[in-house]
Each structure stands twice: as structure tokens, then as C-alpha cells.
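User: I would like to go through this model with you, one topic at a time. Shall we start with how the terms are set?

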Amino acid sequence: MSQLSQVRPATYRGKAAAGSGVRFVRRALLYVAFLLITFLVVLPLVWVVITSLKTQDEYLHPAFRIMPEVLQWRNYSEALFEHSFLFFRKTANTLLIALPTMIMTVISSSLTGFGFARHRAPLRNALFILVLAMMMVPAMVTIIPQFILYSKLGLTNTYWPWYLQAVAGAPFNIFLFRQFFSTIPEELEEAAEIDGSSRFRIYWQIFMPNALPAIAVVSIFHFQWAWGDWFTPRIYLNEEKSTLAILLTRGFANPKGYARDAVTLAAVVVYMLPLIIMFMFAQKLILEGIVTTGIKG
Amino acid sequence: MEQTLGSPSTSKLAPAKRPGRARRSVRSRREAISFYLFISPWLLGFILLTVFPLVLGFLTSLSNYDGLNLATVQFVGPKNYARALSKDLFWTSLANSARYAIIVVPVGITLSFLLAVMLNRPMRGRDFFRLIYYLPAILPVAGSSRVWRLLFDPNAGAVNALIRLFRPGIVINWRLNYWWEMLYLYAWWPAGAGMVIFLAGLQGIPGELYQAAEIDGANRFQQLIKITLPLMTPVVFFQLIMGIIGALQVMVEPILIYGTASGLSGRVDMPGRMYTYMVYTFVQVFDFQRYGYGVALSWIFFVIVLILTLIVIKSSKYWVFYRVSQEGEA
């Protein structure tokens, strides 16, 4: 008996004696399948890391060699510290969008979610259906007229379109907060009401401190979105104010205008790293958030 | 009798109840006011940033507005809509989006479902595999599209390198000749995201069902088809609706995966025959400033999506299995 069979749940043990060979083979095949899928899923990422360590010559003329002759760690220092610190300047711009909007969307979405979860009022259900229905409206239908409006107001090439949108909250986040607040026991709320606390105080001092998982999930999802968003910066911002996403889709070039592909790939790796690290640390929360809302990240 | 006891509107008890009722109505009015105060950020945003633009956009779609001069704006009626229907590129891009959605959504859901079923039993390394399969879903599109272009690069790409192990000297230009395959595979890379949702659904299936089936002599495959699949149809239904809406709107991915590095600084640079519907709209609005026409395109799209969604919802009564006791849906 191999190690593999030891993890088999107890209920199967009776049968195992009869066809243990078949079972072992079946299990081994399953593992082979998992490893093969793992290879396919991870290959693109491994490949980008390998390629980011090549010279530009190796990139253009691979000569069927997979590994770089000498690992070009200086691609990373070039991506980060040369090209007049573009990477850091774009990072700062990206954070100027991502962080304030993250706080705003948490506050407004939780306020709205609390409203829907903990109050009875006329039209409440109709309005909540409206929130959900907005998730199904194709984004372009509202984005084009919004773009026209912001252009007329002179708000293009500023971060106001993001900030204003964040104050309005996001349907997805409202839904998440509503679901979470609905699970908090009523006794907590009643006790505070007897003490004469205002509704806002109940929200701020009782519900929010108890909603840390929801706050974390919404913050993470929002940060992922803002960090990765290419479309909104593309339509609103010019070169100087633009974000990392825009920089990386264009890539670096040397002064003569030739592309520095391997250096760009090094920047891509650094760009994706914060999200991967965040995922590793908060995977449980993230996966729970996906399950609650049924929407993939 | 029991009913009247609890009911406040019983005539006998009415005088005694009146103060309580008044207090209750004050309370409920207060509750309503605080409800509207709490949802006011969303409500204001909804009116100003959604409803108003929707109306404004619809009016724009009936005009020749080009973003520059308000003085020359004219009401042109449904001309923009008629123009769209007469353009070859409109139909090409619509067909491309349809083709993309028809292939990507069902295959994607099937892949996610199979992964979930495979990873649902307790086994060593299960959490590791789940984590790895989900990983691509968190990658930002600006990064992952670069990764994809590299993967399929004729010279530096891993796919060609793998093929060259068996057929030396071969150089396949994926971006030119197998453009669709590249995009499909990109869409299936994060199949682990759907897997997570299916896994949550699978956890909700009572184990007794399988035990009973086993006693009746049903094999694994029969259990999958007769128990797991029917009980998962609500999840499939939800995934299908969100998947169709998402896939039909695909825009950034084709622009970034196909777009050449130099072209990304300016306009979208991909041949029209590869446009998806939203790429077409994007180009018309943001590269050519045809706002009225662009909004008309987006409204046509909205109507198409609405009809499709309604069809899927209507069809659900024939194939979606709802349990009698719905304690918790995925």
C-alpha cells in the first residue's frame, strides 16, 4: 500500500481490499491530470519570468534555447530605476486612483448595504432589484455619455471620474455588504437601540467593526480592479497622468525607439506581484467573497 | 380568534391599540427616512451617474453630436441606428462577438465544472491545486495580456518553443493565423474562478444522496449525471447569464492581445475583420469621436443582451432544477 491510499476516507476501506490495484491506478492518473493542468496554468507565468531574465538579443533570437545564458537581473533594475523612473511615477498615479476610491467605495457601499439590510421602507425591494439589475447593463451604455459629460465639465485628465463613481458605490460591493450585514444577529442592534444610539452610530460602532471580512473583501476586489483597469485610464487620462496599466501595454523603449521587451516583461512581473502576494495572504477571504457574490474576480 | 388577537385593527381592541399604532407609524416613518439617508450615496450616484447619462446618451444617439460643437448638433432621428444596420463592420463585429460567446461560455463552464468535480473529494494537495487553478483570475488584464502575447510570440513564445521540440524550425504566427484560438485559450486560463463557485455548490449537496445511490448500485458516472449535475443547474444557470453578458462585451482583451506595442500608444490597431462588437464601438467613439453613432451601437447591444437574457431566464424552467427547500443558494 502506498502513501496515496492512506488519505482515502474510511468509508472506502472495505472496497479497497477488492480492487486496490485499480484504485491506485485511478488515483495516480488523477494526480497526473492535476499536475498536467498545473503545468498548463503555470507555464505562462513561469515563461514570463524566464523571458524577463533574457537579454533583448536572446528575446529576439531564441535559437531554441529555453533558459537565458546569464540571468539578466539588471532588466529589473532597468525597469524600475531607469527610463526616468517611469515605473514609480505611474505606480504613484495608480495609487492616487486606487487608494482614495477604495476607501470611498467601502464607505458608500457599506452605508447603502446597511440601508438595504437593516431597514424596512417603501420601495426598498424594488430599489434593491435595481441595484442588481445594474450589474447586467452593458457598461458602454453609461460610459459613453458619462465620458461626454466629464469632457464638457473639463474633468478629463483628472481623477474626478473615478472619485465621483466611487462615492456612488458599486452594485457588486453593495450586494456583498448587504449579504454580510443581514447575517449579524438582531440582538446586537436592539441592545444599542434601547440605549438610544442613532442609526448612524449603530452602523458605525456596531456593524462596521463586525464587518471586517466584508470590508477586506471589498477593498481587495476594488484594489484589484483599480490596479488592473486599462480601459478607464485609456479614455480619460493623457500620458502624464496615466497609470501602470497603460505604461505596461505600451512597454519600454530605448532612446532610439527600439522596444526593450525583456525589460517590459520584468516590469510586468513586478506589476503583477502585489496582486499575487495579496491573493496568497487573503485567499480565504477572496474565495469566500467570490462564492458569496457568485461573480469571478 | 387567534388571528384577531394579533391584529391591531380589531375594532374591540382598537382604542387601546391606537397609541401603539401611532408610535409604530412614527417608527416606521423614521425607519424609512433613515433607509433613504443610508442609501443616498448610491441613490444620488444612480440618478446622476446612471439615469441621467442613460437619458442623455439616448438623446445623443438621435443626434449627430461629435463632441466638439454644440451649436451644430442636429436631431437626426433613428438615422444612427439605421446606419449601424447598414454597415458591414457592424455585422462582422456582432458575428465575432457571438462566435466568441458561443464557444467561450459553454466550454468555460464545462471546464470549471469538471475541475470542481475532480477537486471535490478529499485528497492530498487539494488546496494547493485549487489555489493554483484560481491564480490566473486575479491577474490584471494589462499584465496577463502581455503574458499571453509573449506565450504565443512566434520567436520568444513558449508555445512555439514546445512545438519546435517535435518539429524543429517551425514558426507559427499565432497572432495572424490562429487569432481566435489565442483568445479562447486566454478566456479559459482562469477557469479556476468558475471552479471555486461550483465547489461551493458541491459542498451543499447532502452526502446521503450519494450513499443512497451507492446502495442502489449507481456507479460514479451515473451519480454525476443523475445527482450532481441536476443539483448544480442553478449554479450553471447563473454562470451562463453572467458569462454570456461578459463574453459578448469582450473588448479590452482583443485590443491588448492583438494590438502591437507601437500601436497601443494611439488608436486601436487591429484589422476590422477581427473586431468584436465592443471593439467596434470603442473605435467609433474614442478614436473617431462619433458619439451619437457610438451610443446608438451600445443601445442596440443593450437590447440584444436583454433579449438573450430573457430567453435564458425563460428557458430555465425546462432545465434548471430548483430544490423544494432553498436554504442557501450559491
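Analyst: Domain bounds here come from an automatic or database domain assignment. The model itself is predicted.

User: Into which domains is chain B divided?
Analyst: Chain B is divided into domain 1, residues 2-61, and domain 2, residues 79-319.

User: How many Å separate the centres of domain 1 and domain 2 of chain B?
Analyst: Taken over C-alpha atoms, the centres of domain 1 of chain B and domain 2 of chain B are separated by 41 Å.

User: And how many residues of each are in contact?
Analyst: Four residues of domain 1 of chain B are in contact with six residues of domain 2 of chain B. The domain 1 side of that contact consists of one nonpolar and three polar residues, with no charged residues.

User: What does the secondary structure of chain B come to?
Analyst: Chain B has 16 helices and zero strands. Of its 330 residues, 35% are buried. Among contacts in chain B with a separation of 6 or more, 69% are between residues 24 or more positions apart.

User: Let us turn to chain A. What does its domain assignment give?
Analyst: The assignment for chain A gives domain 1 (3-74) and domain 2 (85-293). Their centres, taken over C-alpha atoms, are separated by 35 Å.

User: How many residues are in contact there?
Analyst: Nine residues of domain 1 of chain A are in contact with seven residues of domain 2 of chain A.

User: Which elements give two or more residues to the domain 1 side?
Analyst: They are helix 2 (13-51) and helix 3 (56-60) of chain A. Helix 2 of chain A provides the largest share, three residues. By class, that side of domain 1 of chain A has three nonpolar, five polar and one charged residues.

User: Staying in chain A, at what angle do the axes of helix 5 and helix 8 cross?
Analyst: The axes of helix 5 (residues 86-118) and helix 8 (residues 160-167) of chain A cross at roughly 20° and come within 8 Å. Because angles under 35 degrees count as roughly parallel, helix 5 of chain A is roughly parallel to helix 8 of chain A.

User: Is the crossing left-handed or right-handed?
Analyst: Helix 5 of chain A passes helix 8 of chain A in a right-handed crossing.

User: Which residues meet?
Analyst: From helix 5 of chain A, the residues are I97(A), P100(A), T101(A), M104(A), T105(A) and S108(A). They meet W162(A), Y163(A), A166(A) and V167(A) in helix 8 of chain A. By class, this contact has seven nonpolar, three polar and no charged residues.

User: Now the two chains together. How many residues are in contact?
Analyst: 77 residues of chain B are in contact with 77 residues of chain A.

User: Which helix of chain B gives the most to that side?
Analyst: Helix 3 (residues 40-61) of chain B gives the most, with 12 residues. The side of chain B that touches chain A has 57 nonpolar, 16 polar and four charged residues.

User: Why does T110(B) count as partly exposed?
Analyst: T110(B) counts as partly exposed because 14 C-beta neighbours are inside 10 Å. A residue is buried at 20 or more and exposed at 12 or fewer.

User: How far apart are T110(B) and S28(B)?
Analyst: In sequence, T110(B) and S28(B) are 82 residues apart, and in space they are 48 Å apart, C-alpha to C-alpha.

Key. Residues are numbered from 1 along each chain as its sequence is written. Chains are lettered from A and ligands numbered from 1 in the order in which they are written. This is a predicted model: local features need pLDDT of at least 70, side-chain atom pairs count only at pLDDT 80 or more; totals for chains, interfaces and linings use all residues. Two residues are in contact if their C-beta atoms, placed from the backbone, lie within 7 Å. Helices (H or I, at least four residues) and strands (E, at least two) are DSSP runs, numbered from the N terminus. Ala, Val, Leu, Ile, Met, Phe, Trp, Tyr, Cys and Pro count as nonpolar, Asp, Glu, Lys and Arg as charged, and the others, Gly among them, as polar. Axes are lines fitted to C-alpha atoms, for helices over the stretch in contact, and angles run from 0 to 180 degrees between N-to-C directions. Angles under 35 degrees count as roughly parallel, over 145 as roughly antiparallel, 65 to 115 as roughly perpendicular and the rest as oblique. A crossing is left-handed if the near helix is turned anticlockwise from the far one by less than a right angle, and right-handed if clockwise.
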